[in-house]
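Subject: Structure for your review

Dear colleague,

Please find below the structure that I am handing over to you. My findings follow it, and I would ask you to read them with the structure open.

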Amino acid sequence: MKEKTEEKIGIYPGSFDPITWGHLDIIERSSKIFDRLIVGVLTNRSKKPLFSATERVKMIQNVTSGLPNVQVCSFAGLLVDFAKEQNAKVIVRGLRAVTDFEYELQMAQTNHTMCPGLDTIFLTTDVRYAYLSSSVVREVAEFGGKIDAFVPPEIAPLVREKCRERS
Ligand code: PNS
């Protein structure tokens, strides 16, 4: 009898504070590689995030609602533990430029050393979003600049509102 093939589960971890077009592009592309893609939102950051983990999860769920094999969860602690809990064998990260590489390589090798069954794959960011980061979006929004080119239309008003509350 043919054995049931194991579901291929990928994890795309990050802070997503807030989710940008660059993140969404990586989610869409990697959702085609796996049976199930789990977007893991990190909760335990030392610096205070603009959005709570619950808010970030909801925002990502909203913009990925058309992708049925994408699931969004928050996690605290080590990524390798979260990956094990979720039975995922592959971590996905986006690479924008060579400057990202050193940090990403260190993270991938650390995670692989701690958990040899876990590999990291890198998707190159679409050139349209190569300059983009959540921190740039936060900075532009904090100073009242337009962020519509950087984040999906559902996200921009939430970022503006949060920055207004904070000022
Ligand atoms: O979007 P970010 O902030 O670049 O994502 C970084 C993230 C969340 C992938 C990374 O900080 C992480 O995995 N943190 C969890 C803690 C951990 O496992 N650290 C060891 C890996 S070096």
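In which loop is the place of Ala-149? Ala-149 is in the loop between helix H5 (134–142) and helix H6 (156–166). Please bear in mind throughout that this is a predicted model.

Is Ala-149 buried or exposed? Its relative accessibility is 54%, and residues over 50% are classed as exposed, so Ala-149 counts as exposed. Setting aside residues up to four places away in sequence, Ala-149 touches Trp-21 and Tyr-131. Ala-149 and Leu-132 are 17 residues apart in sequence, and their C-alpha atoms are 9.9 Å apart in space.

In soluble globular proteins, nonpolar side chains tend to be buried together. Here, the largest nonpolar core has 33 residues. Those with the most contacts inside this core are Ile-27, Leu-37, Val-39, Ile-60, Ile-147 and Val-159. At least two residues of the core are supplied by each of H1, strand S2 (36–42), helix H2 (53–63), strand S3 (70–75), strand S4 (90–95), H5 and H6. Which element gives the largest share of this core? That element is H2, with four residues.

Beyond residues up to four places away in sequence, Val-39 touches Tyr-12, Phe-16, Ile-27, Ile-60, Val-70, Gln-71, Val-72 and Cys-73. There is also a second, separate core of 14 residues, which includes Ile-9, Cys-73, Phe-82 and Ala-88.

Finally, I would draw your attention to the surface. Val-98, Phe-101 and Leu-105 form a nonpolar patch there, and together they have about 280 Å² of accessible area. Leu-105 is found in helix H4 (residues 98–114). Why is Leu-105 described as partly exposed? The reason is that its relative accessible area is 32%, which falls between the limits of 20% and 50%.

Yours sincerely,

A colleague

Conventions: Residues numbered from 1 in each chain as written. Predicted model: local features only at pLDDT ≥ 70, side-chain atom pairs only at ≥ 80, totals over all residues. Heavy atoms only, no water. Buried < 20%, exposed > 50% of the residue type's maximum accessible area, 1.4 Å probe, protein only. Contact = heavy atoms within 4.5 Å. Core = buried A, V, L, I, M, F, W, Y, C linked by side-chain atoms within 4.5 Å. Patch = residues over 30% accessible without salt bridge, like charges linked within 9 Å, V, L, I, M, F, W, Y side chains within 5 Å. Areas by Shrake-Rupley, 256 points an atom, 1.4 Å probe, with all protein chains shown as cover. Salt bridge = Lys/Arg side-chain N within 4 Å of Asp/Glu carboxyl O.
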